[in-house]
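Please examine the model displayed below, with attention to how its chains meet and to a few local features.

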Amino acid sequence: MADEPTLPTLPARRSEPSFPTKRLKRSRVPDYSSTSSDPAFFSSDDDPALDNYQAHARRKKRYVGAWFDQQPASSDSALGDDDTPISYPAPRRNQVPDHPQKREFKRQLDSGVWMDTDACPTDMDDMIDLEPRSPRFRLPQPAMPSPLPAPSRKPNSLWDFNVQEVIRNCVDNGLERVDLTGLEVERVPEDRFELLSNIAPIPNVAKDVAFEQRDPRIQLFLSNNRLSRLPPPLINVEHLTVLSLRANRLVELPPAICKMKNLEALNVAQNKLRMFPGGLLDLLGPRGKLRTFNFAPNPFVMPRRSGASSFGADEYERLTFGPQPPVDAGCSALTTKLQFRSGVEFTDLSRTARTKVCFPSAAFNTTGRTAIGLEPFTELAAPAKLPTGEPFSLPNAGGRGRRGPKSLFEAAMRACVASGKAYFVLQMLEEDHMHYPNYVAPTLRQADDIHRDGGLWCAVCGRDTLVPLTRWFEFRQIGTREAAASPESGEEGKFVAMGGEQGEGMAVPFLRSGCSWDCVPVKVEPEEEEGGEECEEEEDEKEEAGEEVVAEE
Amino acid sequence: MAQSQYVTLVSSDGYEFVVLREAVLVSPTMKGMLRSQFQEAQTGRCTFPEISAVVLEMVVDYFHYWYRNRDKEDVPDIEIPVEMCLELLLAAAYFGLEPPSRGGTTW
Amino acid sequence: MASRPNRIRPIRRPIMNKEASEFEPCWDILRGALTDIHNKNASRLSFENLYRASYKIVLKKKGELLYQNVKSFEEGWFRTHVLPPISELVTSNLVNIALLQNAAASAHERRQMGERFLRGIRTTWEDHNTSMNMIADILMYLERTYTAEARQPSIFAATIGLFRDHILRNSLGGASDHLDRPFVIFDILNAVVLDLINMERDGDIVDRNLVRDATSMLEAIYETDDEPENAKLYLTVFEPRFLAASQLFYRIECEKLLRDADASAWLRHAQRRLREEQDRCETTLSLLTADKITKVVDQELIVAKMHDFLAMDGTGLKSMIDNDRHEDLSILYHLISRVDKSKSALKASLQTRVMDLGLDIEQSLRDTDFTAPAAPADADEPAEGADKAKPQPLSAAAQQTAAAIKWVDEVLRLKDKFDTLSTTCFENDLVLQSAVTKSFSDFINMFSRSSEFVSLFIDDSLKRGLKGKSDDDVEVVLQKAVVLIRYLADRDLFERYYQKHLARRLLHQKSETHVEKELVRRMKAELGNHFTAKFEGMFRDMELSKDLSENYRDHVRNLGDVDTKKVELGIHVLTTNNWPPEVMGRGAATQEDRGIVNCIFPPSIKRLQDSFFSYYLKDRSGRILTWVASAGSADVKCVFPKVPGKETGPLSKERRYEINVSTYGMIVLDLFNHLADGESLSFEEIQAKTNIPTLDLVRTLSSLSIPPKSRVLAKEPMSKNVKTTDRFAFNTSFASKTIKIKAPVINSSSKVEDSDERKQTELKNDQTRCHVVDAAIVRIMKQRRELTHTQLTSEVINQLVGRFNPDVGMIKRRIEDLLGREYLERIEIGDAPAYRYLA
């Protein structure tokens, strides 16, 4: 009924008649457009609340639920009835639904089957990085917009029009489910998505029903498109709870994804992701709400040695990132378990690595899977000297909380980027490059990218930074924590790794960034008495940790 | 020879700024200038024939800002006028006030 | 900010000659400055000017050119300005001395020349280093950007490296012609420094600062320009040579010390050398070397010949221990701790020494005579012979007691000695302490009579002398006792002796109860509950008996039965199991191969006994009391009438004495109450009338008829021994100065057992052990049901080791026995023989 969860059915249940097919859905769209009083452009009166005053004439008022699966609203739906969207319960895993209408399939948020029946004929489709199908709308390929496209509200192409249409429809009608699946979206003008923030559910104003305002729960389906990056405005759509980016061409996710605090389900399977940003860990940690996370397949970088020791992982996390809020054992939210860490890459302004460790950039395009050398938690290779000739020593444990102000360089860069004039400054730099240090332009470009992607926060001290100077990979398993045997004991429950499609307990790379050479992992003190064998093994690892990254295959 | 606590910075257009020596030392360039046996180290007077007073003033502001906040946490950003940001990027390079060094990020 | 007209200001370039920012003019400025810096004319230069020049060159992307130019400038400078003066220092004389170890040159000459050379090197290095620092400063921008990006060694490292390549590794062209091998300046430098260090070791005064400067220089120069931390020339070249030279030096020195054969001197020397080397690393060389060089000294001077030194006669470890040379031992301990964590050499020597000294004690017991020439301390010697050999023997028993006390004293003294060593010299080292303790335990248990001797010592200490002593003195005795007990392995044997001795002390009230109790409490803490259970039972019996006696006295008084011949009764009711069988009268009985014989009490006493028995049974029906006459005593009031014919002296009037005798004595004396004056009784008659066992009767009569002070019976014939043929009469002429007389109770004095007795004790002990082993086996099997023979044996040993060291043969025999009694049956587990418990 009304609270049909956001989740599609499993392939097995695909033919269940109660779930409309895509074709049915499509046929509904014009209905809505026609009843909407809005023209093709949004105006200030597209606030759905305003519509309520002429509600009796409007069809949608008598329906609740997503546009594809509306149900006539029951008169008492706002009060105490579980089935109303108002009290929509968060999907919980491993729990039998307490009312029959609720489906129990929650994992495959966006399996594609339902959304896109003809494109995904088998259960296996998530395993295969499919070539995009022939587009439904034949569109002229637009030229890539300039790095700083002039904001525009006019649809500049047919597919853009479609996108706008769908979004506007949702905003108009207070629909929380936004389906932009398979629209061949390559690069939508980013401000289109800003509109999503305007979606608000239409409160039930039936007679005898108490008025209740609730936060919207926006669900955005962007699967089967051609996005190569997450449209930055999405970061700021506060009430986005479900986001599917399945089967796009994403090569990275912005670190600022940590701002999407309300995200409960995220599907990034079938992309070109090499790694996740460290910021995603905020959503996967105790503070995050993420319950469903589809991340495979993707061409993730792999740890070079799968047999490396993960001794000291917990200690490392505690020392490096400070005390973590306890994981609510048994809660359904996802969490991660650290397996390994790579060596740390120390760079200077010119992005020259000062250590042997040197990572490829996020968008590097090798075809094969890349393996990253590991470093035991008891080691930490550091650059020997600062460029000024002064010896560099790593901060001690507890060196968290960076002290002192930012550099003048970074301050100037921030001023430049924040003004939105970075583009002009870059042009000036290029025209007159003989008078500037050659690293200024690339650094400024990077800073601008970071700024437009929503920012970057130092993994260790938490400051925002435009000039990350240290980077390292953490390989983590994603899963849940079981309830601890006895809650008082303070022990954490057993970690249960998520069985991704690529097998149990796959360690997923997260790229961590630090804002200074101070902001690095803390070296865990090795255990006093270790067996001789272990010691030998550690030495092996030491050798490997120093090596540079080599692409395998 | 007792060193003065202050040094004088002179801009290309002849403006003089008297700055606390300790604050100036955040810049490795200034440190090198003041520690060896060069002319500046003896006179405590540093002339910058290619830096205008406008820029040098901002740099001096930064010296003081750094000195005030060098041991504090959660320091607010120094305010930089946008139109000067390019000149200041260069000045930062000249004075070595870039990461990763003492004037860039502390360690 | 948005309100500002925020057009980004482009860089306003100063209006100046465009050429000024080209490479050539900038480099000209810098080249001039480099020369000035080398000539120490830097003070007229403007840093800013130079820095800006290099900064501009880098901005012009000409960093590499600048880098190369500086490098080649420095190389040129080296060729023209630095090398010539250095070459002059390397005279062929110096080469001869340094590399050929030319013995012709005196130490003084060598030092002079070496120091002059080092000074030259130092000056050059310092100049170069200063200049390079300044140059690196003005080229700071180059360092920060170009060298890092191009992954070049920093300009500083590169120019410092020039010193290595152009000075240290310079072979000086043909200067090495007359040597059969090529050499570089570095070789000479090393040789000179090592020579100076060896001179200092030999006691010369050298310029330490000079050496220090040379080594600091080597620490600042690296093998390669990327300056990996472990590739300092100091570490790669100098240190190995230094260590090798030191090794040689100390090996020779150690052999010399060995020839001098004075372990004490060796110890002090080694200690001094270690200190010197540490000091040298701090002041002259580098702390990096401190650990390595002390290892060399450890190895060459300490470990290599340690056993030779320790074994030296007169000064070795033996003499150190024997003569309490605490300082030597203390040094030795520190040195050995350095080289060997387990200190095995010292440990082994200490153990041997403890064993030897312990066995010496035993030996000396054998050799000492305790007033008698052949004190029967040794079980092999017949005690009887000793008795006869001496006209005035201290009784054999007393001699043996003295031997026991001497033994214990010696052991304790030895223990004190080693305790002192442990605290003053060995820092209470636990390894050594436990090793010494083990050796003590070993030799004490090798001495077959240790259990008995320890118990005797305690007995003696508690009986004598504790009265009136301060708590501290008592404490000392108690502690000694516990220390000794702790060493004993056969604790059941000790328990048996102690029980016997304690029984005597308690019954005769020879000691102070609170001290006894304290001692037992400590034993309990040390050895566990089961060990002291019997002793505690004994104390309990004593207390209950005291109450009982008083209650009985009240009871009698309340009866109003005023007997004229009132006999005061003090009674001890002893629980059979808690008290040693000897005391309970059974021991003697079995010894004489007879059933338990009750002696015949006089009727007056008999009445009293009946009366008490009926009183006792009032509350405790069903119990049996056996009167143990051998353990009791009595105060007998005797009236000696006036001896006729004596008008003066004590005999002239009637005398009343109160004599404390044993119960047997009382029975015997009572017989004489019924005799007329002048009559006498033969030994047999007395025995017939009293039914006292012969041995006890002999003792009783001896105490009443032989010592003059308690000679209330006259014996016929007068001799020192009581024979079964003797006759006894009332000694009417007895007189004493005191009213209260104590007849010496011969059998109450503790004494060392003779060999027969001891065999008896051991036999009995073995019997007890058999039961204990049986019990243990059954206990284990009951729990485990099935067990292999080996497992069973080891479990039994585990269970019993706290009480005694069970003999494997005994365990085997007991298993056989239990098999025979069908507690167990034989099975096999796998191939191993095993047993099953039969319920």
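The model is predicted. The interface between chain B and chain C is described here through its area. The size of an interface is often given as the accessible area lost when the parts come together. For chain B and chain C, the buried area is about 2,700 Å², and carbon and sulfur atoms give 60% of this value. Of the area that chain B buries against chain C, 27% is supplied by Phe38(B), Glu50(B) and Glu83(B), more than any other three residues. In terms of contact, 33 residues of chain B and 31 residues of chain C take part.

Polar and charged interactions also link the two chains. There are four salt bridges between chain B and chain C. Glu50(B) joins Lys56(C) through a side-chain salt bridge, with an N to O distance of 2.3 Å. Between chain B and chain C, 12 residue pairs are in polar contact, both residues having pLDDT 80 or more. On the side of chain B that touches chain C, at least two residues come from each of helix H2 (28-35), helix H3 (39-43), helix H4 (53-69) and helix H5 (85-95) of chain B. H5(B) provides the largest share of that side, seven residues. Classified by residue type, the side of chain B that touches chain C comprises 17 nonpolar, nine polar and seven charged residues.

Aromatic residues form a further theme. Over all chains, the whole structure contains 40 aromatic pairs. A pair of aromatic rings is described by the distance of the centres and the angle of the planes. Phe238(C) and Phe242(C) are stacked, at 5.9 Å centre to centre with 10° between the planes. Because these two residues, Phe238(C) and Phe242(C), are four residues apart in helix H10 (residues 233-260) of chain C, about one helical turn separates them. Phe238(C) counts as buried at 1% relative accessibility, and Phe242(C) counts as buried at 1% relative accessibility. One aromatic cluster is formed by Phe38(B), Phe48(B), Phe63(B), Tyr94(B), Phe95(B), Phe47(C), Tyr51(C), Tyr55(C) and Tyr141(C).

The last topic is the backbone. Most residues other than glycine have a negative phi, and most peptide bonds are trans. Asn224(A) has a positive phi, near 55°, and lies in the loop between strand E4 (218-221) and strand E5 (240-244) of chain A. Lys40(C) has a positive phi, near 60°, and is placed in the loop between helix H1 (23-38) and helix H2 (47-59) of chain C. Asn224(A) is buried, with a relative accessible area of 19%, whereas Lys40(C) is exposed, with a relative accessible area of 60%.

Terms used: Residues numbered from 1 in each chain as written. Chains lettered and ligands numbered in written order. Predicted model: local features only at pLDDT ≥ 70, side-chain atom pairs only at ≥ 80, totals over all residues. Heavy atoms only, no water. Contact = heavy atoms within 4.5 Å. Buried area = accessible area lost by both parts, 1.4 Å probe. Polar contact = N/O pair within 3.5 Å; in protein donor to acceptor, adjacent residues only side chain to side chain. Nonpolar A, V, L, I, M, F, W, Y, C, P; charged D, E, K, R; others polar. Phe/Tyr/Trp six-rings, centres within 6.5 Å; stacked < 30°, edge-to-face > 60°. Buried < 20%, exposed > 50% of the residue type's maximum accessible area, 1.4 Å probe, protein only.
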